[in-house]
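Have the structure open while you read.

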Amino acid sequence: MHELSIASSIIETVRGEIASRPGRRATAVGVRIGALAAIDADALRFGFDAIVKDSDLEPLRIDIEQIDRRQRCLDCSTEFETDRYTLTCPACGSLRGACIAGEELDITFIEVEEA
Amino acid sequence: MTDVIQVQKKVLSENARIANELREKFARTCVTVVNLISAPGSGKTRLLERTLELLPDGVRAAVLTGDIQTEKDAERLARFGYPVRQITTGGTCHLDATMIERHLIDWDLDDLDILFIENVGNLVCPSSYDLGEEAKIVLLSVTEGEEKPLKYPSIFFKAKLIVLTKTDLLPYVPFDLELAKLNARSINADAEIIETSCQTGDGLTQWMSWLEARVLRNAAVRS
């Protein structure tokens, strides 16, 4: 349960971005979470809302985009999404693959309006 | 009027920045840094005790050991004569790069060959925090169940080495060693797997060789 500290880091980034934009306030922040990031979206939303509530940032909203794990087969180059548990290539059956998506823990956008 | 600012930034960019500084410092001083991660009670401290006991003379080692409360682990590990420092997180369920930086502040890394970081017992949160280490090592004891790699894919995915511990208990528990290894490989086909028992000493030679290979490789860079 480290989602609260993750939420704090996101809010710090938002504060940093709006500090350089006088007269604007943030209304939403976009976050991308990969399946391998070990972050529970509901817990993150809960922690985020708890920090924002009754603060000067209210009503800041978090917009969470979840990303599946994607693999590229090192033998036949097929790219496929996986449920995290099975890495067998659906085309050739190889277990040799590289992870090409699913580790994200990124801030993607901040929506701002006139304060 | 609403505007959207495109940001491409890691949520943990501040942690990543400090971890990268640490990684550069470890590389410059040629010190091997490993981060031991497992559920509580899988045997991280026990494996470290055995490791410090078995370290060849002349290897300069140190330990940072993390716990939510108490200095018990540091007391256990200090008996071997190497520098040990406890990181008491006071509730936080993982170590982060700042804690490592803060606790290394007056240690001269040039005087070290290997630094062991024992993370807080937890298979979830430590996987998000880069500590600048060379390798994450995940421990899984045979009393925990074969499906653990599937339940905690993130940390098993990031591990360079998986150490199966307490194998002396295999006759007494319904643990399918081959299935556990298959599950671990299905998450991470590249990780090495070593089976160990700190009780009987089985597998410890292989474990020490794994460490030694890294220390020697880094020492070669130094000279």
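Start with the place where the chains touch: 28 residues from chain A and 25 residues from chain B take part in the contact. Keep in mind that this is a predicted model.

Which parts of chain A sit on that side? At least two residues each come from α1 (3-19), β1 (24-34) and β6 (105-114) of chain A. With ten residues, β6(A) gives the largest share of the side of chain A that touches chain B. As for the kinds of residue on this side of chain A, you'll find 15 nonpolar, six polar and seven charged.

Now zoom in on β6(A). Its partner across the contact is strand β1 (residues 2-10) of chain B, and the two pair in the antiparallel sense over seven bridges.

Next, on to a sheet in chain A. What is the order of its strands? This open sheet of three strands runs β4-β3-β5 (chain A), and the pairing is antiparallel. At the edges are β4 (79-82) and β5 (97-101) of chain A, each of which pairs on one side only. On average, neighbouring strands here are turned by 35° against each other, ignoring direction.

One pair in this part of chain A is strand β3 (residues 69-73) with β5(A), antiparallel over four bridges. There, Q71(A) stands opposite C99(A) in β5(A).

| Strand pair | Sense | Bridges |
|---|---|---|
| β6(A) and β1(B) | antiparallel | seven bridges |
| β3(A) and β5(A) | antiparallel | four bridges |

Note on methods:
Residues numbered from 1 in each chain as written. Chains lettered and ligands numbered in written order. Predicted model: local features only at pLDDT ≥ 70, side-chain atom pairs only at ≥ 80, totals over all residues. Contact = placed C-beta atoms within 7 Å. Nonpolar A, V, L, I, M, F, W, Y, C, P; charged D, E, K, R; others polar. Pairing = 2+ DSSP bridges. Axes fitted to C-alpha atoms, helices over the stretch in contact; angles between N-to-C directions.
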